[in-house]
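Work through the exercises below with the sequence and the structure at hand. Try each task before reading its solution.

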Protein chains: 2
Amino acid sequence: MAVKRNELGQKVQLPKIRRQGPIDIPVLFNALKKGDKTALAQGITLIESTRNKDFERAEELVTRCLQIHSNSIRIGITGVPGVGKSTFIEAFGTYLTQMGKKVAVLAVDPSSSVTKGSILGDKTRMEKLAKDSNAFIRPSPAQDSLGGVAKRTRETIILCEAAGFEVVLVETVGVGQSETLVHSMVDFFLLLKLAGAGDELQGLKRGIMEMADALVINKADGENLKAVKLAMTEFKRALHLYPPKENAWSPEVLSCSSLNNLGIDAVWEMILRFLALTKENGHFGENRIAQNKNWFLQTVEEQLKFQFFGRETIKRKMDHYLEQIANHTISPVAAAHELLNLSNPGTDEIP
Amino acid sequence: MAVKRNELGQKVQLPKIRRQGPIDIPVLFNALKKGDKTALAQGITLIESTRNKDFERAEELVTRCLQIHSNSIRIGITGVPGVGKSTFIEAFGTYLTQMGKKVAVLAVDPSSSVTKGSILGDKTRMEKLAKDSNAFIRPSPAQDSLGGVAKRTRETIILCEAAGFEVVLVETVGVGQSETLVHSMVDFFLLLKLAGAGDELQGLKRGIMEMADALVINKADGENLKAVKLAMTEFKRALHLYPPKENAWSPEVLSCSSLNNLGIDAVWEMILRFLALTKENGHFGENRIAQNKNWFLQTVEEQLKFQFFGRETIKRKMDHYLEQIANHTISPVAAAHELLNLSNPGTDEIP
């Protein structure tokens with residue numbers, strides 16, 4: 001059996017899943033569902049693979065994992081850079097693992113292909129949690145499209161849950177549509193804020209407040225306390241401007257000090273209240289079903305595009321049409337119709 | 001030759017374009033390019049038609065219109081309900097027609113299918129402009145999808161330009177993604193605001209400020225003047241928070257009184273400055289080309305979806321899969337793959 005060293009330099013045995021050829025899915029799945037973190041990591045790598053030959057096997061793994069019932073909660077965490085997301089996740093995650101929960105931390109960062117890795121690029125940002133046997137941290141890989149990010153993250157959540165992780169934290173930095181994306185795949189959406197610092201405006205301008213189930217003002221310590229109190233009043237008032245949520249949950253405003261471990265328990269208690277309410281009124285399950293339907297439709301649409309634009313005949317013609325459009329020698333509509341007719345000359349079965 | 005009465009009750013002759021059968025496209029096109037408003041209206045109705053048999057003929061008309069060179073400017077106008085959009089457009093449009101310009105007013109209102117018509121549903125909102133021979137006003141039809149709205153509006157702009165309308169005003173109410181949509185099809189994006197009234201927040205929360213080329217504070221009259229001055233300072237400061245635009249244009253903050261016709265000329269002068277700058281540095285043309293490329297890609301993607309989900313075999317299976325997903329008897333990914341395989345059993349040519 002293969003042996004390698006883990007982050008702490010300790011020798012670890014690798015499960016017998018990578019022999020000569022590709023990973024054996026049933027073997028990988030069995031190791032994963034026992035909670036084997038190496039198997040989980042390998043499964044995620046398979047999902048992240050952009051090689052076509054890995055695609056079907058990744059789907060097989062996901063389909064198997066989807067059969068496993070999980071009593072998980074998926075929590076999205078967002079906030080502008082500098083708000084202290086990693087410190088909060090370190091404190092919050094450790095609080096949960098200490099009560100015996102298994103916690104997975106994922107990152108959605110569509111910007112990383114541009115900025116070459118930013119959030120969670122380095123596990124040292126969460127030193128304590130990274131060494132915690134009850135925690136699993138997965139950095140964000142470079143991704144080229146938001147569609148790719150969505151697909152990968154949804155499937156990674158499923159794998160983590162199959163591996164027994166009951167709290168899945170999905171971290172995102174406020175870039176482009178990543179918050180909307182994360183919101184579409186979690187049960188609870190938590191917005192981290194700072195008091196003062198003009199951060200209020202940044203949060204407001206992109207409609208994130210509308211999605212938030214809670215606003216947690218971080219760095220509520222030392223000289224900051226007075227500003228935090230003011231900000232809480234302000235945010236509570238701002239939240240009142242939004243129409244009530246369908247699930248009957250009223251978004252709450254809390255404060256915490258991740259550094260001093262203060263207020264972390266209150267965040268978890270709030271989430272438990274949210275769970276109790278939405279499981280009672282049925283919205284928890286309804287939301288998951290709606291998300292799954294959405295996932296289904298998105299997958300179909302993504303695949304339609306992927307298959308279409310991946311065809312050799314289409315690829316060859318795309319540049320040609322884009323150039324003609326730039327030269328004003330063809331209209332965008334005419335170019336679209338020519339391209340579509342090119343792809344399925346006989347199969348146009350619109351009634 | 002057919003005779004009907006126009007809005008003012010005057011007898012007008014209809015061009016000989018609708019005989020027994022459907023409208024003859026070359027005849028319609030010839031009338032339209034001479035500036036015939038009835039022909040223009042009929043052309044737009046053809047574009048808005050959801051009947052499949054009208055589709056190809058509408059495209060033929062658009063393709064013909066796209067050949068006509070136009071020196072137009074497309075201006076998007078947005079603002080929350082009550083900000084005075086119609087009064088502003090009435091004043092601004094009349095100012096332009098009085099200097100001999102031909103002005104078309106279109107509306108993008110994806111909400112109208114839900115709220116049953118709101119903006120521009122009634123021409124009486126712009127009484128003066130509606131009677132102006134140099135103006136053409138087109139109310140927003142009920143639409144079911146944002147994709148449909150986008151397609152229709154882009155093509156309507158082309159028809160108006162072919163008919164000699166050199167200023168195209170595209171009005172939208174701030175619902176959903178309609179602003180982003182309008183921003184993607186205009187040269188200049190104008191955000192109407194009110195002083196005070198908490199309107200600042202509403203504008204900020206959806207990222208509209210980032211898209212605006214100008215903020216115009218309306219109703220700068222009477223007792224409101226002091227609040228307007230304050231708001232202008234505030235907005236100018238807020239605009240400074242955004243990174244500079246690629247086209248080198250610095251968004252401006254103006255105020256006007258549409259009611260008293262004050263400051264309307266300054267808005268047009270600002271737009272002329274914008275035109276001079278962006279035509280000089282090439283960004284005007286580059287933006288149009290980028291918008292056309294985007295239009296091309298969107299058309300391809302819309303049509304791909306339309307063709308796929310319009311197939312009888314797919315329609316029959318969709319409900320089945322959605323139900324299975326709700327019952328947790330199939331995974332979203334597996335359902336998507338089954339549906340895709342159903343549609344093209346033999347044509348899956350991913351390498």
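A residue is buried if 20 or more other C-beta atoms lie within 10 Å of its own. The structure is a predicted model.

**Exercise 1. Find out how far strand β3 (residues 73-79) of chain A is enclosed, and which strands pair with β3(A).**

Solution. 

Step 1. Apply the cut-off to the strand. Six of the seven residues of β3(A) are buried, so the strand is largely enclosed by the rest of the structure. For the chain as a whole, 40% of the 351 residues of chain A count as buried.

Step 2. Look for the partners. Strands of a sheet pair through backbone hydrogen bonds, either parallel or antiparallel. β3(A) pairs in the parallel sense with strand β6 (residues 167-173) of chain A, over seven bridges. Four bridges join β3(A) to strand β7 (residues 188-193) of chain A, and this pair also runs parallel.

Step 3. Check one residue pair on each side. Gly79(A) stands opposite Val173(A) in β6(A), and Ile77(A) stands opposite Leu190(A) in β7(A).

**Exercise 2. Give the strand order of the open sheet in chain B and explain what sets its edge strands apart.**

Solution. 

Step 1. Read the order across the sheet. Seven strands of chain B follow one another as β5-β4-β6-β3-β7-β8-β9, with parallel pairing.

Step 2. Go to the edges. β5 (135-137) and β9 (252-255) of chain B each have a single partner strand, so one side of each is left without a neighbour in the sheet. From one strand to the next the twist averages 20°.

Step 3. Strands β4 (residues 103-108) and β6 (residues 167-173) of chain B run parallel and are joined by six bridges. In this pair, Ala104(B) has Val168(B) of β6(B) as its bridge partner.

Step 4. Helix α11 (residues 225-240) of chain B lies across β7 (188-193), β8 (214-217) and β9 of chain B and runs at about 170° to β9(B).

**Exercise 3. Check whether the length of helix α13 (residues 283-310) of chain B fits its number of residues.**

Solution. 

Step 1. At 1.5 Å a residue, the 28 residues of α13(B) should span 40 Å.

Step 2. Compare with the model. The end C-alpha atoms of α13(B) are 39 Å apart, which agrees.

Step 3. Note the burial. Among the buried residues of α13(B) are Trp295(B), Phe296(B), Thr299(B) and Val300(B). An α-helix has 3.6 residues a turn, so residues three or four places apart point the same way.

**Exercise 4. Describe how chains A and B are related and what each gives to the contact.**

Solution. 

Step 1. Count the residues. Chain A and chain B each bring 43 residues to the contact. On the side of chain A that touches chain B, α13(A) gives the most, with 14 residues. The residues of that side divide into 25 nonpolar, ten polar and eight charged.

Step 2. Compare the two surfaces. Of the interface residues of chain A, 100% are also interface residues in chain B, so the copies meet through the same surface.

Definitions and conventions: Residues numbered from 1 in each chain as written. Chains lettered and ligands numbered in written order. Predicted model: local features only at pLDDT ≥ 70, side-chain atom pairs only at ≥ 80, totals over all residues. Pairing = 2+ DSSP bridges. Helix = DSSP H or I, 4+ residues; strand = E, 2+ residues; numbered from the N terminus. Axes fitted to C-alpha atoms, helices over the stretch in contact; angles between N-to-C directions. Contact = placed C-beta atoms within 7 Å. Nonpolar A, V, L, I, M, F, W, Y, C, P; charged D, E, K, R; others polar. Least-squares fit on C-alpha atoms with pLDDT ≥ 70 in both. Expected span 1.5 Å × (residues − 1). Buried ≥ 20, exposed ≤ 12 C-beta atoms within 10 Å, placed from the backbone.
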